[in-house]
Amino acid sequence: MDNTSAIRLSVFLGIFVCMALLEARYPARKAVLDRKTRWVGNLSMVALGVLISRVLLPATLVGVSAWAQQEGFGLFNVMLGYAQSGSSLTGISDDVESSGVVFAAIVTLSVILLDIIIYWQHRLFHTVPLLWRFHKMHHADSHVDTTTGLRFHPVEIGISLGVKAAAVTLLGIPAVAIVIFEVALNGFALFNHANIRLSQKWDDKVGRVLITQRLHRIHHSQAKAESNSNYGFSVSWWDRLFNSFTPRAQYSDETLPIGQKDVPAVKANASIRALLMQPFKNK
């Protein structure tokens, strides 16, 4: 296992265990189905997603980044090339200092741009009917807990991987920015799907910057208008900026209807086979 994979796995397991323990000690809502039934299906999607990613992109996104850097391909690689060559584009005579400042700025901007891209990708998965068929499997979970943040159809994972690979190539995103973003993305997905609740006072304060558990449960509401909001996985800025932020649901957080009306909360709909076949059923 390479260093980046080890870092991602370590952070992932740490946050997962932490959220699972908090859910067990301070649950916000009671699940309709038992934990074993849901967790087997949800966690199986993680394993299938990793398999699909390795088949579609054996080199990983970090490998794509290394190739783009080597070839000097992508916007940021061109910019960094100018900085390292002491080009007047930066206005700084010290090549080392210049390239270091530019690289730090590129890494920061890359993480921000990737987050915006994933925000809009998420909105498209709710807007385009064909894409919604696959994303709906994520929303059909009858309960929202930390494993729901891992429950994505392999086809959706493949599409998302393609979007990110294209962004990495065209923008020339550095490997370190990819690692930072992927670790943050996975961590926030576990965090904001967790079945815990902040007090309303603290929820409102944290929600000014981050998507909290309550705000993301609104995104999992059965009400379409509420589900089509709060798309962010990390910060709440993009929802506020692009007019998709919903601070309160029609129902309280305790009584908010979760899931999809046409996918009843029964064991048969939570099996691995049912999850994989759900997008291909005619409605």
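At roughly what angle do the axes of helix α1 and helix α2 cross? Select residues 3-25 for α1 and residues 35-56 for α2: the axes come within 16 Å and cross at roughly 165°. Axes here are lines fitted to C-alpha atoms, for helices over the stretch in contact, with angles from 0 to 180 degrees between N-to-C directions. The helices themselves are DSSP runs (H or I, at least four residues), numbered from the N terminus.

Before you go on, note that this is a predicted model, where local features need pLDDT of at least 70, side-chain atom pairs count only at pLDDT 80 or more, and totals for chains, interfaces and linings use all residues. Residues are numbered from 1 along each chain as its sequence is written, and side-chain values use heavy atoms, with hydrogens and water left out.

Now show side chains. From α1, pick Ser5, Phe16, Ala20, Glu23 and Ala24; they meet Arg35, Trp39, Leu43 and Arg54 in α2 (contact means heavy atoms within 4.5 Å). This contact comprises five nonpolar, one polar and three charged residues.

Next stop: select residues 60-71 for α3 and residues 154-171 for α7, whose axes come within 9 Å and cross at roughly 25°. That makes α3 roughly parallel to α7 (under 35 degrees). The crossing of α3 and α7 is right-handed.

Finally, display Leu61, Val64, Ser65 and Trp67 in α3, which meet Leu161, Lys164, Ala165, Val168 and Thr169 in α7. Coloured by class, the contact of α3 with α7 shows six nonpolar, two polar and one charged residues.

Notes:
Helix = DSSP H or I, 4+ residues; strand = E, 2+ residues; numbered from the N terminus. Nonpolar A, V, L, I, M, F, W, Y, C, P; charged D, E, K, R; others polar. Parallel < 35°, antiparallel > 145°, perpendicular 65-115°, else oblique. Left-handed = near helix turned anticlockwise from the far one by under 90°.
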